[in-house]
Amino acid sequence: MKQAQLNGSQHTLQGKSWLQKLGGQYQLWIMVLPAIIYIAIFCYGPMYGIQLAFRDFDFSKGLTGGDWVGFKYFEQYFNSPMFWPTLRNTFVIAFVSILFGFPMPILLALVVNSIRSNKRKRVLQTTVYMPYFISTVVLVALLQIMLSPTTGLIDGLLKTLHLLPADTNLIGDPGSFVPVYVISAIWQTCGWNSIIFIAALSSVDSQLYDAARIDGANRWQTVWHVEIPAILPTIIILLIMNMGNILSVGFEKTFLMQNSLNKSVSEVISTYVFNVGVKSNQFSFGSAVGLFNTVINFMFLILANSLAKKSSNISLM
Amino acid sequence: MADRLYTLIVVLVSIAAFLMVAYPLYFIIIASVSNSTMVSQGKVILWPKDINFYGYEQIFKDTRIWQGYFNTIVYTVLGTILNLLVTLPAAYALAHRKFKARRVIMPLFVFTMYFGGGMIPTYLLIRDLHLLNTPWVMIINGAISVFNLIITRTFFESSIPEELYEAATLDGCSHFRYFISVVIPLSKAVISVITLYYMVGHWNDFFNALLYINTDSLQPLQIILRNILLSNQAFAGGAGSGAGAGAGSYAQQFADQIKYAVIIVSTVPVLMIYPFIQKYFEKGVMIGAVKG
């Protein structure tokens, strides 16, 4: 009897706390629900729709209704004359972007961090962040105006200084597409991307600087032995994240910079998906090409992540 | 000696970086009010020459730009409000250590940053939802960015002490109430940062409109800009320039001036918000990205 009472009261106690918990949790669930619904529909929905890449698209049956055709559309892409050019262009743009674009914000952050005067520091930072807010359309328009072989300011300057052969057309020549793409990307995003390194540098313990100075380190050695190690984890994480996006070369900018003259080097996988998929309604083929892109991206991410984990114990996941 | 060299290089690099960014921006401004012939001859370098506002006059006459402006403002305002309504509560819930489900929800969200269905399945989904060619696609698509969610969640986790919540619950405060009257007022920094991110995203959004909007009257500013700036489409208003070729076109010699003016008119709104929020940047970005 006593036992039963005890059990009973315990039960109600537990029940109450469970109810209370649920009461609290249920509010949290309501708050997170819109995000869950959105992600489920707009992010996982298309993932579910990936099966389109293995089906024959049927207008009347929609995203997941056509007949299974296996790897037909992948084979069609691998055997198409556009396979190597699109793959090569995507890789070239992505690798050159990382190779030259990735170190620049780090260098800029080291420079900004070395400026003593707060006012000068702020002026420089405000200025170099600004291009980040310019839209891609406007950036590409600026490139076209400034690099125009007849009236362009930068084109004229480079030719006057003989840094550029007089017959170069920076917005037409296939050879200049990648440099223009990468340099303009650095111009636009270097400042913005440096924020995170500047923030990481600002949290370096000032005792470390003092210790380095006492040990007789000069400014270069301080950079090498104090500052770089301090921001190394941030560098590695961002490098992994960039590696994971290696093939998602910015659709917008490539698409906008593309013209009939440079198409041989500017047709990347994403613009190709747009051209064959959306524009010519080859939905299954386009999905297959897109999926190929995503899978390679994901493999790069995992590879970079595991390499980083092995070598430095830093990883994303 | 080595230190002096270091300082010298720092000074040179910062001056170079400053000039490389600032000068082109400054040049657009002076070129937009200068005689375009002199601009193309390279005579406009430090100060505007033969000042005129022809480019701006043409823009004011062009109805497409105003329609685009109007659409973009609508998409930006409604889109950003929706962004905040979805992101902030979700970030709050996911920041709660006692909310066990977050261990499942968060990875599922983060996964979408690295893996997605791709352009075609997304396009067909939007089509099946009957969102093609509606303003809704510009507002709803992208209602939450997982990156911004992480920034916000990390801010809530690290800057708002849990004891505060415990004290509030003792006073009988619900999650909703605590969120609205305690968390939101304490989070101005991170809210400003993600608001700016979202607003800039909507303002500069070109991709969604390119893919999902065909109707002229629904096109946002960026598409109109592409037509004017990159496709060299004529000004519909006819641009009574006198030197124009046929009706509906504008004189080539004024083309660049109009373009500079268009660039300024379309970019200034974004640049105007930026100084107000700038002081929060490093804090906000740092918090989110390091843990990202």
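**A colleague's note on this predicted model**

1. Let me start with a loop in chain B: B:Asp50 sits between helix H2 (36-40) and helix H3 (54-61) of chain B. Helices here are DSSP runs of H or I with at least four residues, strands are runs of E with at least two, and both are numbered from the N terminus. Although B:Asp50 is not a glycine, its phi is positive, at about 55 degrees. The residue is partly exposed, with a relative accessible area of 47% (buried is under 20%, exposed is over 50%, and partly exposed lies in between, using a 1.4 Å probe and protein chains only).

2. Before going on, some housekeeping: this is a predicted model in which local features need pLDDT of at least 70 and side-chain atom pairs count only at pLDDT 80 or more, while totals for chains, interfaces and linings use all residues. Residues are numbered from 1 along each chain as its sequence is written, chains are lettered from A and ligands numbered from 1 in the order in which they are written, and side-chain values use heavy atoms, with hydrogens and water left out.

3. A:His162 is not a glycine, yet has a positive phi of about 60 degrees. You will find A:His162 in the loop that links helix H7 (153-160) to helix H8 (174-202) of chain A. With a relative accessible area of 71%, A:His162 is exposed.

4. Now the overall build of chain A, which has 14 helices and zero strands. Its radius of gyration is 27 Å, well over the 20 Å that the globule rule gives for 317 residues, so chain A is more spread out than a compact globule (the radius is taken over C-alpha atoms, and the rule is 2.2 Å times the number of residues to the power 0.38). Along the principal axes, the C-alpha atoms of chain A fill a box of roughly 100 × 75 × 35 Å. Buried residues make up 50% of the 317 in chain A.

5. On confidence, the model scores ipTM 0.86 and pTM 0.87. Chain B averages a pLDDT of 84, and 88% of its residues score at least 70; pLDDT is the predictor's confidence in each residue, from 0 to 100. In chain B, helix H7 (residues 135-140) has the highest confidence, at 95, and helix H14 (residues 252-291) the lowest, at a mean of 74.

6. Where does pLDDT stay under 50 in chain B? That happens over residues 235-249 of chain B, for which the model has 28 contacts beyond four places in sequence (contact means heavy atoms within 4.5 Å).
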